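Me: Please take me through this structure one question at a time. State the cut-offs as you go.

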Amino acid sequence: MAKPNPSPSDLVLIFVVAVIFGASSPSPAAARSSSSPSSRWAPPRFVGKFNKLQQPQIRYETRYFEQRLDHFSFSELPRFRQRYLISTEHWVGPTRLGPIFVYCGNEGDIAWFAANTGFVWEIAPQFGAMVVFPEHRYYGESVPYGNGEEAYKNATTLSYLTAEQALADFSVLITNLKKNLSAEGCPVVLFGGSYGGMLASWMRLKYPHIAIGALASSAPILQFEDIVPVETFYDLVSNGFKRESSSCFNTIKQSWDVLLSEGQKNDGLLQLTKSFHLCRTLRSIDDLTDWLESAYSYLAMVNYPYPSEFIMPLPGHPIREVCSKIDRSPVEASILERIFEGISVFYNYTGKVDCFQLDDDPHGMDGWNWQACTEMIMPMSSGRDSSMFPTYDFNFSSYQEQCWRDFGVKPRPRWITTEFGGHDIKATLQNFGSNIIFSNGLLDPWSGGGVLKNISKSIVALVTDEGAHHLDLRASTNEDPEWLVEQRATEIELIKSWLNDYYQENKAVFEM
């Protein structure tokens with residue numbers, strides 16, 4: 001089945017969450033030309049309303065800071081309240097130059113990211129660190145113009161939703177916070193996963209005087225222009241399924257033509273609605289393929305070695321479980337029945353869901369569609385042989401037309417690499433960067449756009465064969481494999497070295 005050219009919202013993500021993190025969602029879904037965008041970028045857009053906030057017990061205070069709407073002009077524009085979460089429970093204070101750990105907020109509600117970034121909370125006591133989670137503008141409660149309806153009204157009100165403005169928000173907030181606490185000498189260490197990891201690494205490069213180092217987990221800073229092959233993301237998702245079962249891979253690959261054929265029958269959409277237990281009758285076959293593709297992409301991102309509820313309640317090694325359901329279906333089961341059994345692992349592992357909604361956005365990530373139409377242009381394609389997804393090629397003209405229809409803007413595909421770099425990244429980071437950890441797990445499809453090799457003594461790539469989307473930022477568990485325990489230990493030692501260097505340079509006496 002040939003696939004239509006992808007729409008901008010199809011080519012977003014993550015990030016999630018994921019996010020896809022601890023979150024960050026850099027969120028892939030099927031590529032379409034549709035006036036009601038789905039989503040495709042890391043994170044793929046977060047789906048399902050059944051995930052719960054879990055992770056370690058964390059305590060913080062919620063505060064608000066009056067931010068400028070535009071940091072790069074002198075126009076008198078209305079300010080907005082930026083939410084941030086702060087904990088000084090373990091901070092040793094300014095007289096001992098206690099460090100400040102700042103998580104760069106992703107494209108969603110900051111409380112959700114805080115609850116899913118246990119690593120930062122766990123290591124704060126041993127460092128005597130303050131913890132701060134600032135929310136990204138236009139997400140969660142940090143919405144300009146008083147409400148989301150007004151903020152998202154048109155291209156004029158959305159024009160201040162950019163990575164540059166978000167980094168300026170973080171920098172202004174940190175500077176103000178340190179001044180109010182008489183903590184000007186306290187070193188700041190940045191953390192971030194997915195899009196938040198991109199922001200953390202970019203902030204270290206753009207504002208080196210604000211933070212002494214950054215841990216950027218699952219940060220696809222090279223997923224722009226022609227820096228990495230456009231097939232990379234979907235090839236990696238597909239590899240995750242193929243490594244578990246070639247028959248599972250082939251069943252999914254064959255299913256798209258079957259879906260299209262069924263959907264073209266007289267009552268095809270109604271029958272598919274019943275077969276996949278959907279809450280509303282399908283309006284388009286594209287809606288169903290988007291839903292399926294999003295699940296496969298998320299499964300690859302959160303293919304963790306133990307059960308988790310980061311995006312949805314899932315078992316450990318969830319792709320293995322999906323393929324087991326597909327492969328072990330009764331011999332007489334049709335391809336679509338097999339697909340439904342497999343996909344239910346993602347959407348209904350608890351067995352508590354009676355029917356499925358295809359358009360949930362529980363974490364308020366709609367702003368990412370705008371970002372994907374302006375500066376976050378991440379070209380993606382699906383190849384004929386190595387991908388289990390329908391074949392399609394990235395077409396910038398179609399992408400641009402869709403952005404114009406949706407928002408009345410034209411994308412700037414070269415702006416991110418102009419602003420933050422990307423081409424010849426090794427030379428850029430060697431010449432201008434220091435104290436950055438790029439951590440990636442090769443099971444994560446976003447790792448294909450990440451920095452996977454050491455750049456210098458202080459710009460380190462930690463790459464794990466079995467790691468998934470910013471797994472290292474999640475809370476530790478008794479089920480953590482040894483390689484994950486060792487990876488986090490290495491990250492802690494590197495952060496200690498940054499702080500020790502800072503204290504020595506500043507002749508500070510501080511017991512780690």
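Me: What is the relative accessibility of Lys206?
Reply: This is a predicted model in which local features need pLDDT of at least 70 and side-chain atom pairs count only at pLDDT 80 or more, whereas totals for chains, interfaces and linings use all residues. Residues are numbered from 1 along each chain as its sequence is written, and side-chain values use heavy atoms, with hydrogens and water left out. Lys206 counts as partly exposed (buried is under 20% relative accessible area and exposed over 50%, with a 1.4 Å probe and protein chains only) because its relative accessibility is 38%.

Me: How many residues separate Glu419 and Lys206?
Reply: These two form a salt bridge (a side-chain nitrogen of Lys or Arg within 4 Å of a carboxyl oxygen of Asp or Glu), with the closest N and O atoms 3.8 Å apart. Glu419 lies in helix α16 and Lys206 in helix α7, helices being DSSP runs of H or I with at least four residues and strands runs of E with at least two, numbered from the N terminus. The pair therefore links distant parts of the chain, and the separation is 213 residues.

Me: Are Arg488 and Asp480 buried or exposed?
Reply: Arg488 forms a salt bridge with Asp480, the closest N and O atoms being 2.8 Å apart. By their accessibility, both residues are buried.

Me: What is the bridge partner of Glu61 in β2?
Reply: β1 and β2 pair in the antiparallel sense over seven bridges, where pairing requires at least two DSSP bridges between strands. Glu61 also forms a salt bridge with Arg63, and in β2 its bridge partner is Ile86.
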